[in-house]
Amino acid sequence: MFKIIGILLVVTAGISFGFSKAGKEQKKLEQGIALKRMLYLLQGEIRYGFTPLPEAVAVIAEKTAPEFRPFLNQIAKRLKSYREESFFTVWKEAFEEQLKLQIIEPKFLEILMSMGETIGYLDKEMQEKTIDFAIEQIEDVIFQMKDQVIKNCRMYRSLGLSFGLLVVIILV
């Protein structure tokens with residue numbers, strides 16, 4: 001009786017490990033899509049709403065994914081305080097404090113950091129083009145990731161099951 005319960009626990013642990021790794025892999029892709037959506041919202045506020053950058057960031061903070069809200073809210077607060085800080089300084093500090101630990105894929109971090117370096121001091125057209133460029137880069141990363149994520153998810157699930165069964169065979 002205890003053997004059967006032990007076997008079930010080990011196999012279940014292996015399967016859950018595989019599914020958790022697959023979920024983390026899937027989360028990378030979902031974050032990329034959420035980042036792309038966030039940048040589209042920012043671009044729309046600037047392009048069609050003729051909204052200044054501090055207000056645009058505040059507006060999209062309410063419409064974007066919950067994991068990015070603290071980042072955007074911190075930027076909006078600091079920009080509205082009218083201190084003599086450059087946009088990049090505000091972006092970088094909020095990025096380090098709020099976003100760096102949230103995003104799993106390092107390529108997305110690089111894209112957002114490079115966008116923050118250039119977007120703050122440009123005119124409306126150049127801001128739109130900078131955001132367009134960042135969106136294109138994120139789309140490229142997502143496109144490259146899609147097949148890899150699907151393969152990795154299958155692999156992690158299979159490995160989890162296989163590992164669980166291997167441990168059971170070794171122990172029995």
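Is phenylalanine 87 buried or exposed, and what is its relative accessible area? The points below take this up along with the helix packing.

1. Basis. This is a predicted model, in which local features need pLDDT of at least 70 and side-chain atom pairs count only at pLDDT 80 or more, while totals for chains, interfaces and linings use all residues. Residues are numbered from 1 along each chain as its sequence is written, and side-chain values use heavy atoms, with hydrogens and water left out.

2. Phenylalanine 87. This residue lies in helix α4; helices are DSSP runs of H or I with at least four residues, numbered from the N terminus. Phenylalanine 87 is buried, its relative accessible area being 9% (buried is under 20%, exposed over 50%, partly exposed in between, with a 1.4 Å probe and protein chains only). Setting aside neighbours within four places in sequence, phenylalanine 87 is in contact with Leu53, Ile75, Leu79, Gly116, Ile119 and Gly120, where contact means heavy atoms within 4.5 Å.

3. α3 against α4. The axes of these helices come within 9 Å and cross at roughly 150 degrees. Axes are lines fitted to C-alpha atoms, for helices over the stretch in contact, and angles run from 0 to 180 degrees between N-to-C directions. The crossing is right-handed (the near helix is turned clockwise from the far one by less than a right angle; anticlockwise is left-handed). Among the residues making the contact are Phe71, Ile75, Arg78 and Leu79 of α3, with Phe87, Val90, Trp91 and Glu93 of α4. By class, the contact of α3 with α4 has ten nonpolar, two polar and three charged residues. Here Ala, Val, Leu, Ile, Met, Phe, Trp, Tyr, Cys and Pro count as nonpolar, Asp, Glu, Lys and Arg as charged, and the others, Gly among them, as polar.

4. Arginine 78. This residue sits in helix α3 (residues 69–80) and is buried, with a relative accessible area of 12%. Not counting residues up to four places away in sequence, arginine 78 touches Arg83, Glu85, Val90 and Glu93.

5. α1 against α2. Helix α1 (residues 2–47) and helix α2 (residues 53–63) have axes that come within 9 Å and cross at roughly 135 degrees. That makes α1 oblique to α2 (under 35 degrees is roughly parallel, over 145 roughly antiparallel, 65 to 115 roughly perpendicular, and the rest oblique). Their crossing is right-handed. Met38, Leu41 and Leu42 are among the α1 residues that meet α2, whose contacting residues include Leu53, Val57 and Ile60.

6. α1 against α5. Helix α5 (residues 106–119) packs on α1 at an angle of about 20 degrees, with the axes 11 Å apart. The two helices are therefore roughly parallel to each other, and α1 passes α5 in a left-handed crossing. In α1, Lys28, Gly32, Leu35, Met38, Leu39 and Leu42 meet Phe108, Leu112, Met115 and Ile119 of α5. This contact divides into eight nonpolar residues, one polar and one charged.

7. Core. The largest nonpolar core has 44 residues, and those with the most contacts inside it are Leu39, Leu42, Ile75, Trp91 and Leu112. Such a core is a set of buried Ala, Val, Leu, Ile, Met, Phe, Trp, Tyr and Cys residues joined through side-chain atoms within 4.5 Å. Leaving aside neighbours within four places in sequence, leucine 112 is in contact with residues including Leu35, Leu39, Trp91 and Phe95.
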